[in-house]
Amino acid sequence: MLAQDEFKRAVARAAMRFVQEGEIIGVGTGSTADCFIDELGRSKLQIAGAVSSSKRSATRLAHHGIQLFDLNDVETLSIYVDGADEIDAEFSMIKGGGGALTREKIVAAVAQTFVCIADASKKVERLGRFPLPVEVVPIARAYVMRELARYGAPRLRAGFATDNGNSIIDVHDLKIDDARALEERIDRIAGVVTNGLFAARGADVLLLGTANGVVVSKKSAVGAMDESSRLER
């Protein structure tokens with residue numbers, strides 16, 4: 001477990017290379033995003049501020065004295081830095097293990113570049129090993145559960161509410177062959193706010209923490225992964 005934490009800190013440090021002074025950046029949610037926020041706080045870079053994807057991250061950013069902006073007051077973000085629960089070779093992801101998927105997807109949509117920071121355990125050949133979170137308006141829970149049963153085994157995340165006041169249904173045992181198509185189908189279910197597939201707007205850059213250092217990969221113009229460099233540990 002210690003090695004995994006070291007990988008998270010390594011990719012968080014590597015992500016600082018994409019941060020430019022004077023800009024407003026988007027920041028995600030989760031343990032790896034926490035490491036990135038801490039790196040921001042320790043750095044001497046003078047950024048204008050940040051848009052957070054959750055109350056949790058907003059609290060941590062504020063603790064470091066980083067100015068917070070409402071996304072409604074920002075036209076564009078240079079980068080969005082966030083982790084992933086899973087990421088495949090096409091840079092499609094499953095996100096939302098922490099329940100912030102809707103705000104994460106919105107902030108990512110505004111950003112020019114999505115930098116995904118993850119440890120090597122998050123890289124998969126096919127998405128679906130990690131349960132897919134689906135944010136649902138509470139009144140629609142039973143109906144959405146029945147609809148999601150067509151794709152896998154839905155389970156209500158008990159005792160949990162998102163920052164938006166909604167419920168989360170986690171869909172287990174998924175076999176995802178076409179992430180973009182499944183993302184669209186689930187989003188069309190009445191009562192679904194959004195789901196944790198990030199395929200329509202996947203990552204642009206992947207910083208993957210490994211035992212041999214941070215591997216930096218970028219999405220090519222044709223959509224495949226172009227491994228560009230390896231940073232030393």
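Tutor: In this predicted model, a pocket is an open set of grid points with protein on both sides within 12 Å along at least five of seven lines.

Student: How much space lies in the largest pocket?

Tutor: The lining of the largest pocket comprises 15 residues. Strand E2 (49-52), helix H3 (55-63) and helix H4 each contribute at least two residues to that lining. The space in this pocket is about 280 Å³.

Student: Which residues lie nearest the centre of the largest pocket?

Tutor: By class, the lining residues comprise 8 nonpolar, 4 polar and 3 charged. Those nearest the centre are Val51, Ser52, Asp70, Leu71 and Arg103.

Student: Why is one side of strand E8 and of strand E10 left without a neighbour in the sheet?

Tutor: Four strands make up an open, antiparallel sheet, in the order E8-E9-E7-E10. Strands E8 (153-156) and E10 (192-195) therefore stand at the edges, and each has a single partner strand.

Student: What is the bridge partner of Pro154 in E9?

Tutor: Strand E8 is joined to strand E9 (residues 167-172) by 4 bridges, and the two run antiparallel. Within E9, the partner of Pro154 is Val171.

Student: What angle does the direction of helix H6 make with that of E10?

Tutor: Helix H4 (residues 101-110) lies across strands E7 (132-136), E9 and E10, at about 70° to E10. Helix H6 (residues 179-187) also packs on the sheet, where it touches E7 and E10. The direction of H6 makes an angle with that of E10 of about 165°.

How values were computed
Residues numbered from 1 in each chain as written. Predicted model: local features only at pLDDT ≥ 70, side-chain atom pairs only at ≥ 80, totals over all residues. Heavy atoms only, no water. Pairing = 2+ DSSP bridges. Contact = heavy atoms within 4.5 Å. Axes fitted to C-alpha atoms, helices over the stretch in contact; angles between N-to-C directions. 1 Å grid on protein atoms, 1.4 Å probe; cavity = no way out; pocket = protein on both sides within 12 Å on 5 of 7 lines; lining within 4 Å. Points joined across faces, edges and corners; volume = space filled by probe spheres on them. Nonpolar A, V, L, I, M, F, W, Y, C, P; charged D, E, K, R; others polar.
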